[in-house]
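Me: I am new to this structure and would like to learn how to read it. Please take me through its features one at a time.

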Amino acid sequence: MTRVGLTDNYNLTISGFAIGTYTYVVYANDSFNNLQNSSVGTILVQDTTKPELNNLLVGYVEYDDNALIYVNVSDLSSISNVWIVLDNTSSYNLVLNSSTIYKLNLTSPEINTYNFTIYANDSSNNIGNITGTLVVDDQTNPDVYGLTYNNSVSLGNNVVIDFNADDLNLDNVSIDVNGTIYYLSNISGSLYRLNESDYSVGTYNFTIYVNDSYGNLNDSVSGSFDIVDREIPQVYGLIYNNTIEYDNDLEVLVNVSDLDVISDVIFNYNGVN
């Protein structure tokens, strides 16, 4: 020990004590080797300082992705455990990622906004904490692909438009054909189909709409098809009198049918219409 000036005081500074209880005795001797000692004393070395948590890193999480949370944890002594409590209900342990950084890898949490607290305790059971918020949302647009259809359809035949629609939270699938909305049901897997025949001759434009339960809409997918009349009118059931009296009228009856509207029916005799 070192004497303080010319006083009777002596001091000693020792560092690096581990946590625990230590006993001590102070001895003093003079130049004639007379020895005296103090009574036995004790020193308690303890840790009452909470672990410090900082540099919290948590980002937006897209639905069905894993949530990653990082936090820096430091303490005067050793860290025993680091854990997180979500919405005061679910608890998960964080693992040491590197040096003093602890990490949580939470698999596919449900869509929600979670308030959480991360706790850390040390070997002396001092507990520190930090709070934060985890947002899990669905901002991914539904995917539409594999569009197939015939862009030229004969009048009276069905128009068939096939496509695939995928989303983790798919809500409804529809197709707009010249302003008429058709809501489609799933055929199988991710396949959806329009199968309609009530179209007259003309050109039809269509747009496919797919939205999920969180209001996300697919990127625009559209096309067009033509309804064409490739069938000739049917003429049958001709009735007339092949002998008439001079100056009387000739009456001809005939049945004419077509998938489309009949424009004209012409009777030609001896090259005259």
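Predicted model: local features only at pLDDT ≥ 70, side-chain atom pairs only at ≥ 80, totals over all residues.

Me: What share of the residues is buried?
Reply: Buried means under 20% relative accessible area, exposed over 50%, and partly exposed in between (1.4 Å probe, protein chains only). Of the 273 residues, 27% are buried. Accessible areas come from the Shrake-Rupley method with a 1.4 Å probe, and for residues only the protein chains shown count as cover. The protein exposes about 18,100 Å², of which carbon and sulfur atoms supply 46%.

Me: How do I read a sheet?
Reply: Look for paired strands: two strands pair if DSSP finds at least two bridges between them. In a regular strand the side chains alternate between the two faces of the sheet. Here 5 strands form an open sheet with mixed pairing, in the order β8-β15-β14-β10-β11. The edges are β8 (61-62) and β11 (90-93); each has a single partner strand, so one side of each is left without a neighbour in the sheet. β8 pairs with β15 (residues 127-137) in the parallel sense over 2 bridges, and valine 61 has valine 136 in β15 as its bridge partner.

Me: Which strands show the antiparallel sense?
Reply: One case is β19 (residues 170-177) with β20 (residues 180-184), which pair in the antiparallel sense over 5 bridges. Serine 174 stands opposite tyrosine 183 in β20. The hairpin of β19 and β20 has 2 residues between the strands, and asparagine 178 there takes a positive phi near 50°.

Me: How should I judge a positive phi?
Reply: Most residues other than glycine have a negative phi, and most peptide bonds are trans. Serine 99 is not a glycine, yet its phi is positive, about 55°. Serine 99 lies in the loop between β12 (95-98) and β13 (101-106) and is exposed, with a relative accessible area of 67%. Aspartate 247 also has a positive phi, near 75°. Its place is in the loop between β25 (234-240) and β26 (252-257), and its relative accessible area of 69% makes it exposed.

Me: Where is asparagine 72, and what does its side chain meet?
Reply: Asparagine 72 lies in strand β9 (residues 67-74) and counts as buried because its relative accessibility is 13%. A polar contact is a pair of N or O atoms within 3.5 Å; within protein, one must be able to donate a hydrogen and the other to accept it, and residues adjacent in sequence count only if both atoms are side-chain atoms. The side chain of asparagine 72 makes polar contacts with the side chain of asparagine 54 at 2.9 Å and with the side chain of threonine 100 at 2.4 Å. Contact in general means heavy atoms within 4.5 Å. Leaving aside neighbours within four places in sequence, asparagine 72 is in contact with Glu52, Leu53, Asn54, Asn55, Thr100 and Ile101.

Me: How many salt bridges does the structure hold?
Reply: Side chains of opposite charge can pair when their charged atoms come close. A salt bridge is a side-chain nitrogen of Lys or Arg within 4 Å of a carboxyl oxygen of Asp or Glu. The structure holds 1 salt bridge. Arginine 193 forms a salt bridge with aspartate 162, with the closest N and O atoms 2.6 Å apart. The pair links distant parts of the chain, 31 residues apart: arginine 193 is in β22 (residues 191-196) and aspartate 162 in β18 (residues 159-166). Arginine 193 is partly exposed at 31% relative accessible area, whereas aspartate 162 is buried at 15%.

Note on methods. Residues numbered from 1 in each chain as written. Heavy atoms only, no water. Helix = DSSP H or I, 4+ residues; strand = E, 2+ residues; numbered from the N terminus.
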